[in-house]
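Hi,

Here is the structure I promised to pass on to you. Have a look at it first, and then read my notes below.

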Amino acid sequence: MFCGSECFIIKRLWWSDPGGDVICYEVGAVPRRDEGWLRRWRESLQVVDSVRVAPRDAATFEVPAGHGFRILSVEGPQVGDLNLWNADDLSERFFSGKTRQLHATHVTRGDRLWSSMPGIRAMATITHDTLEWYGWDEEGGGVHDVIGTRCDPYTNRLLKGVDYHHCCHSNLTRAMARRLDRPASEVEPLIHDVLNVFMCTGFTLDTHQYFMKASPVRPGDHLEFLADINLLGALSACPGGDCGSSHSDDRTPCYPLQVDILAPSEEVLASFEPEPANAYDRSHGMTEA
Ligand SMILES: [Zn+2]
(Lines give C-alpha, C1' and ligand atoms only; values in the text may rest on other atoms or scores of the structure.)
Protein backbone atom coordinates (compact mmCIF):
# COMPACT_ATOMS: atom_id res chain seq x y z
CA MET A 1 0.00 0.00 0.00
CA PHE A 2 1.50 3.33 -0.97
CA CYS A 3 -1.24 5.92 -1.17
CA GLY A 4 -1.84 6.58 2.52
CA SER A 5 -0.11 9.30 4.49
CA GLU A 6 3.12 8.81 2.49
CA CYS A 7 1.32 9.86 -0.65
CA PHE A 8 -0.02 12.97 1.08
CA ILE A 9 3.46 13.96 2.23
CA ILE A 10 4.92 13.47 -1.24
CA LYS A 11 2.14 15.59 -2.70
CA ARG A 12 2.70 18.32 -0.13
CA LEU A 13 6.43 18.36 -0.91
CA TRP A 14 5.71 18.51 -4.63
CA TRP A 15 3.16 21.30 -4.36
CA SER A 16 5.45 23.39 -2.16
CA ASP A 17 8.48 22.98 -4.45
CA PRO A 18 9.18 26.55 -5.60
CA GLY A 19 10.65 25.26 -8.86
CA GLY A 20 7.74 22.96 -9.70
CA ASP A 21 5.45 24.12 -12.50
CA VAL A 22 1.78 23.46 -11.88
CA ILE A 23 -0.43 23.79 -14.94
CA CYS A 24 -3.20 26.08 -13.67
CA TYR A 25 -5.99 24.69 -15.82
CA GLU A 26 -6.40 21.04 -16.64
CA VAL A 27 -6.88 21.24 -20.39
CA GLY A 28 -7.73 17.53 -20.52
CA ALA A 29 -10.98 18.35 -18.69
CA VAL A 30 -12.11 20.81 -21.39
CA PRO A 31 -15.23 19.45 -23.10
CA ARG A 32 -14.55 18.50 -26.71
CA ARG A 33 -16.57 17.37 -29.69
CA ASP A 34 -16.43 13.77 -30.84
CA GLU A 35 -13.50 13.26 -33.23
CA GLY A 36 -15.42 10.90 -35.51
CA TRP A 37 -18.24 13.42 -35.85
CA LEU A 38 -15.74 16.22 -36.60
CA ARG A 39 -14.16 14.08 -39.34
CA ARG A 40 -17.55 13.46 -40.98
CA TRP A 41 -18.34 17.17 -40.59
CA ARG A 42 -15.11 18.19 -42.35
CA GLU A 43 -15.60 15.68 -45.16
CA SER A 44 -19.06 17.06 -45.94
CA LEU A 45 -18.15 20.79 -46.01
CA GLN A 46 -18.97 22.97 -49.00
CA VAL A 47 -18.08 26.63 -49.49
CA VAL A 48 -21.35 28.57 -49.58
CA ASP A 49 -20.05 32.15 -49.40
CA SER A 50 -16.79 34.10 -49.42
CA VAL A 51 -15.96 37.47 -47.91
CA ARG A 52 -12.94 39.49 -49.03
CA VAL A 53 -11.11 41.60 -46.44
CA ALA A 54 -9.26 44.50 -48.08
CA PRO A 55 -5.74 45.36 -46.83
CA ARG A 56 -5.78 47.84 -43.92
CA ASP A 57 -9.52 47.34 -43.56
CA ALA A 58 -11.94 44.83 -41.99
CA ALA A 59 -15.09 42.95 -42.97
CA THR A 60 -17.82 41.15 -41.05
CA PHE A 61 -19.40 37.75 -41.66
CA GLU A 62 -22.01 35.46 -40.10
CA VAL A 63 -21.68 31.74 -39.46
CA PRO A 64 -24.70 29.70 -38.27
CA ALA A 65 -24.08 27.21 -35.47
CA GLY A 66 -22.84 23.91 -36.87
CA HIS A 67 -21.41 25.57 -39.98
CA GLY A 68 -17.77 26.49 -40.39
CA PHE A 69 -15.47 29.21 -41.66
CA ARG A 70 -11.92 29.34 -42.82
CA ILE A 71 -9.58 32.30 -42.92
CA LEU A 72 -7.45 32.07 -46.02
CA SER A 73 -4.21 33.79 -47.03
CA VAL A 74 -4.45 35.12 -50.59
CA GLU A 75 -1.96 37.07 -52.72
CA GLY A 76 0.71 37.50 -50.02
CA PRO A 77 1.72 36.97 -46.37
CA GLN A 78 -0.77 38.74 -44.16
CA VAL A 79 -1.84 38.68 -40.54
CA GLY A 80 -5.49 38.97 -39.49
CA ASP A 81 -7.10 40.19 -36.27
CA LEU A 82 -10.28 38.28 -35.46
CA ASN A 83 -13.22 39.30 -33.26
CA LEU A 84 -16.18 36.97 -32.61
CA TRP A 85 -19.56 37.57 -31.03
CA ASN A 86 -22.60 35.48 -30.22
CA ALA A 87 -24.74 36.61 -33.18
CA ASP A 88 -27.87 36.53 -30.98
CA ASP A 89 -26.36 38.54 -28.10
CA LEU A 90 -23.39 40.80 -28.87
CA SER A 91 -22.58 41.15 -25.15
CA GLU A 92 -21.13 37.63 -25.34
CA ARG A 93 -17.81 37.86 -27.15
CA PHE A 94 -14.51 36.09 -27.62
CA PHE A 95 -12.44 35.96 -24.39
CA SER A 96 -8.79 35.76 -25.43
CA GLY A 97 -7.52 35.74 -21.82
CA LYS A 98 -9.54 32.66 -20.84
CA THR A 99 -8.63 30.94 -24.10
CA ARG A 100 -4.96 31.59 -23.27
CA GLN A 101 -5.39 30.20 -19.75
CA LEU A 102 -7.19 27.09 -20.89
CA HIS A 103 -5.00 26.25 -23.90
CA ALA A 104 -1.80 28.23 -24.47
CA THR A 105 -0.39 31.54 -25.69
CA HIS A 106 -0.95 30.30 -29.26
CA VAL A 107 -3.75 28.08 -30.52
CA THR A 108 -4.04 25.41 -33.17
CA ARG A 109 -6.14 22.41 -34.27
CA GLY A 110 -8.25 20.99 -31.44
CA ASP A 111 -8.19 24.17 -29.36
CA ARG A 112 -11.43 26.04 -28.76
CA LEU A 113 -12.19 29.76 -28.63
CA TRP A 114 -14.00 30.63 -25.38
CA SER A 115 -16.56 33.36 -24.76
CA SER A 116 -16.82 36.03 -22.08
CA MET A 117 -18.59 35.57 -18.74
CA PRO A 118 -21.33 34.75 -17.89
CA GLY A 119 -21.84 32.67 -21.06
CA ILE A 120 -18.29 31.29 -20.97
CA ARG A 121 -18.50 28.41 -23.40
CA ALA A 122 -16.76 27.34 -26.58
CA MET A 123 -17.81 29.67 -29.40
CA ALA A 124 -15.66 28.01 -32.06
CA THR A 125 -13.39 25.00 -32.42
CA ILE A 126 -10.24 25.02 -34.59
CA THR A 127 -10.64 22.07 -36.94
CA HIS A 128 -7.70 22.54 -39.34
CA ASP A 129 -4.51 24.59 -39.36
CA THR A 130 -2.05 24.48 -42.26
CA LEU A 131 0.57 26.21 -40.05
CA GLU A 132 0.39 23.52 -37.38
CA TRP A 133 3.87 22.35 -38.54
CA TYR A 134 5.44 25.57 -37.16
CA GLY A 135 5.02 24.55 -33.53
CA TRP A 136 7.42 26.54 -31.34
CA ASP A 137 10.66 28.01 -32.67
CA GLU A 138 13.93 28.31 -30.73
CA GLU A 139 13.03 31.84 -29.61
CA GLY A 140 9.73 30.66 -28.14
CA GLY A 141 7.69 32.04 -31.04
CA GLY A 142 4.52 30.44 -32.36
CA VAL A 143 1.62 31.34 -34.67
CA HIS A 144 -2.02 32.34 -34.00
CA ASP A 145 -1.51 34.10 -30.65
CA VAL A 146 -3.99 35.10 -27.98
CA ILE A 147 -1.52 37.38 -26.17
CA GLY A 148 -1.49 40.52 -28.32
CA THR A 149 -4.59 42.69 -28.06
CA ARG A 150 -4.83 44.41 -31.49
CA CYS A 151 -2.98 47.42 -32.88
CA ASP A 152 -4.88 50.60 -32.01
CA PRO A 153 -4.69 54.34 -32.68
CA TYR A 154 -4.51 55.30 -29.01
CA THR A 155 -1.27 53.39 -28.29
CA ASN A 156 0.09 54.62 -31.61
CA ARG A 157 -0.66 58.21 -30.58
CA LEU A 158 1.06 57.67 -27.23
CA LEU A 159 4.19 56.18 -28.75
CA LYS A 160 4.55 58.09 -32.03
CA GLY A 161 2.52 61.27 -31.49
CA VAL A 162 0.57 60.86 -34.74
CA ASP A 163 -2.95 59.77 -35.64
CA TYR A 164 -3.23 56.67 -37.82
CA HIS A 165 -6.72 55.49 -38.78
CA HIS A 166 -6.11 51.99 -40.14
CA CYS A 167 -5.02 50.08 -37.05
CA CYS A 168 -6.95 46.83 -36.53
CA HIS A 169 -8.99 48.41 -33.71
CA SER A 170 -10.20 51.15 -36.08
CA ASN A 171 -10.70 48.73 -38.98
CA LEU A 172 -12.88 46.50 -36.78
CA THR A 173 -14.78 49.54 -35.49
CA ARG A 174 -15.57 50.77 -39.02
CA ALA A 175 -16.63 47.27 -40.12
CA MET A 176 -19.04 46.95 -37.18
CA ALA A 177 -20.36 50.49 -37.74
CA ARG A 178 -21.18 49.50 -41.33
CA ARG A 179 -22.65 46.16 -40.22
CA LEU A 180 -24.91 47.59 -37.51
CA ASP A 181 -25.49 50.95 -39.25
CA ARG A 182 -24.47 52.76 -36.08
CA PRO A 183 -21.88 55.49 -35.44
CA ALA A 184 -18.29 54.45 -34.70
CA SER A 185 -18.45 55.84 -31.14
CA GLU A 186 -21.42 53.57 -30.38
CA VAL A 187 -19.96 50.32 -31.71
CA GLU A 188 -16.35 50.86 -30.55
CA PRO A 189 -16.98 49.27 -27.09
CA LEU A 190 -17.93 46.04 -28.87
CA ILE A 191 -14.37 45.64 -30.19
CA HIS A 192 -12.32 43.29 -28.01
CA ASP A 193 -9.01 41.46 -27.72
CA VAL A 194 -8.40 39.34 -30.77
CA LEU A 195 -7.10 36.06 -32.03
CA ASN A 196 -4.03 37.10 -34.05
CA VAL A 197 -4.50 34.78 -37.00
CA PHE A 198 -1.23 33.77 -38.76
CA MET A 199 0.80 36.18 -36.58
CA CYS A 200 4.15 34.85 -35.32
CA THR A 201 4.88 36.13 -31.84
CA GLY A 202 6.26 35.29 -28.43
CA PHE A 203 7.92 36.76 -25.37
CA THR A 204 11.65 37.53 -25.41
CA LEU A 205 13.54 35.05 -23.24
CA ASP A 206 15.53 37.75 -21.36
CA THR A 207 13.08 40.63 -20.79
CA HIS A 208 9.79 38.76 -21.42
CA GLN A 209 8.57 41.45 -23.82
CA TYR A 210 6.05 40.75 -26.56
CA PHE A 211 7.81 40.30 -29.91
CA MET A 212 6.68 39.65 -33.45
CA LYS A 213 8.51 38.25 -36.45
CA ALA A 214 7.61 37.68 -40.11
CA SER A 215 4.71 35.25 -40.34
CA PRO A 216 5.41 31.99 -42.18
CA VAL A 217 1.94 32.23 -43.79
CA ARG A 218 1.78 31.95 -47.57
CA PRO A 219 -1.15 32.12 -50.02
CA GLY A 220 -3.23 28.98 -49.62
CA ASP A 221 -2.58 28.64 -45.90
CA HIS A 222 -5.73 28.67 -43.83
CA LEU A 223 -7.18 28.29 -40.36
CA GLU A 224 -10.55 26.53 -40.19
CA PHE A 225 -13.21 26.66 -37.46
CA LEU A 226 -16.47 25.00 -36.50
CA ALA A 227 -19.04 27.52 -35.18
CA ASP A 228 -20.20 26.06 -31.83
CA ILE A 229 -22.91 28.76 -31.59
CA ASN A 230 -24.38 31.32 -34.03
CA LEU A 231 -21.47 33.64 -34.74
CA LEU A 232 -20.92 37.15 -35.99
CA GLY A 233 -17.26 37.66 -36.90
CA ALA A 234 -15.11 40.60 -37.92
CA LEU A 235 -11.64 40.22 -39.43
CA SER A 236 -9.07 42.98 -39.97
CA ALA A 237 -6.16 42.70 -42.42
CA CYS A 238 -3.53 44.25 -40.13
CA PRO A 239 -1.56 47.26 -41.44
CA GLY A 240 1.52 45.34 -40.27
CA GLY A 241 1.18 42.93 -43.24
CA ASP A 242 3.24 39.86 -42.26
CA CYS A 243 4.21 41.74 -39.05
CA GLY A 244 7.92 41.23 -39.78
CA SER A 245 8.92 44.89 -39.58
CA SER A 246 6.50 47.61 -38.47
CA HIS A 247 2.80 48.15 -37.97
CA SER A 248 0.39 51.06 -37.53
CA ASP A 249 1.62 52.82 -40.69
CA ASP A 250 1.26 52.68 -44.48
CA ARG A 251 4.85 51.57 -45.21
CA THR A 252 4.48 47.79 -44.92
CA PRO A 253 3.16 45.73 -47.88
CA CYS A 254 -0.33 44.44 -47.04
CA TYR A 255 -2.52 41.88 -48.75
CA PRO A 256 -6.18 40.91 -48.61
CA LEU A 257 -7.56 38.00 -46.59
CA GLN A 258 -10.51 35.80 -47.48
CA VAL A 259 -13.13 34.25 -45.22
CA ASP A 260 -14.92 31.22 -46.68
CA ILE A 261 -18.21 30.23 -45.05
CA LEU A 262 -18.62 26.45 -44.98
CA ALA A 263 -21.83 24.41 -44.76
CA PRO A 264 -21.90 20.72 -43.75
CA SER A 265 -24.34 18.19 -45.21
CA GLU A 266 -27.90 18.20 -43.86
CA GLU A 267 -27.31 14.74 -42.43
CA VAL A 268 -24.25 15.82 -40.40
CA LEU A 269 -25.92 19.07 -39.33
CA ALA A 270 -28.92 17.13 -38.00
CA SER A 271 -26.67 15.53 -35.38
CA PHE A 272 -25.09 18.83 -34.28
CA GLU A 273 -25.84 20.27 -30.84
CA PRO A 274 -24.94 23.94 -30.20
CA GLU A 275 -22.68 24.54 -27.22
CA PRO A 276 -24.85 25.25 -24.15
CA ALA A 277 -24.35 28.42 -22.09
CA ASN A 278 -22.38 27.96 -18.88
CA ALA A 279 -24.38 26.17 -16.16
CA TYR A 280 -23.08 28.21 -13.19
CA ASP A 281 -26.10 29.61 -11.26
CA ARG A 282 -24.68 33.17 -11.02
CA SER A 283 -25.58 33.50 -7.31
CA HIS A 284 -21.93 34.15 -6.36
CA GLY A 285 -22.63 32.80 -2.91
CA MET A 286 -25.46 35.29 -2.21
CA THR A 287 -28.98 34.21 -1.45
CA GLU A 288 -30.37 36.80 -3.88
CA ALA A 289 -28.36 37.10 -7.10
ZN1 LIG B 1 -3.15 45.06 -36.42
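The chain holds seven helices and 13 strands, taken as DSSP runs numbered from the N terminus (H or I of at least four residues for helices, E of at least two for strands). Please bear in mind that this is a predicted model, in which local features need pLDDT of at least 70 and side-chain atom pairs count only at pLDDT 80 or more, while totals for chains, interfaces and linings use all residues. Residues are numbered from 1 along each chain as its sequence is written.

Six of the strands form an open sheet with antiparallel pairing, in the order E1-E13-E3-E11-E7-E6; two strands pair if DSSP finds at least two bridges between them. From one strand to the next, the twist averages 25°, using axes fitted as lines to C-alpha atoms and angles from 0 to 180 degrees between N-to-C directions.

Within the sheet, E3 (residues 68–73) and E13 (residues 257–263) run antiparallel and are joined by six bridges. Leu-72 stands opposite Gln-258 in E13.

As for the whole chain, its C-alpha trace spans about 70 × 50 × 45 Å along the principal axes. Of its 289 residues, 40% count as buried, meaning that 20 or more other C-beta atoms, placed from the backbone, lie within 10 Å of the residue's own.

Best wishes

How values were computed: Buried ≥ 20, exposed ≤ 12 C-beta atoms within 10 Å, placed from the backbone.
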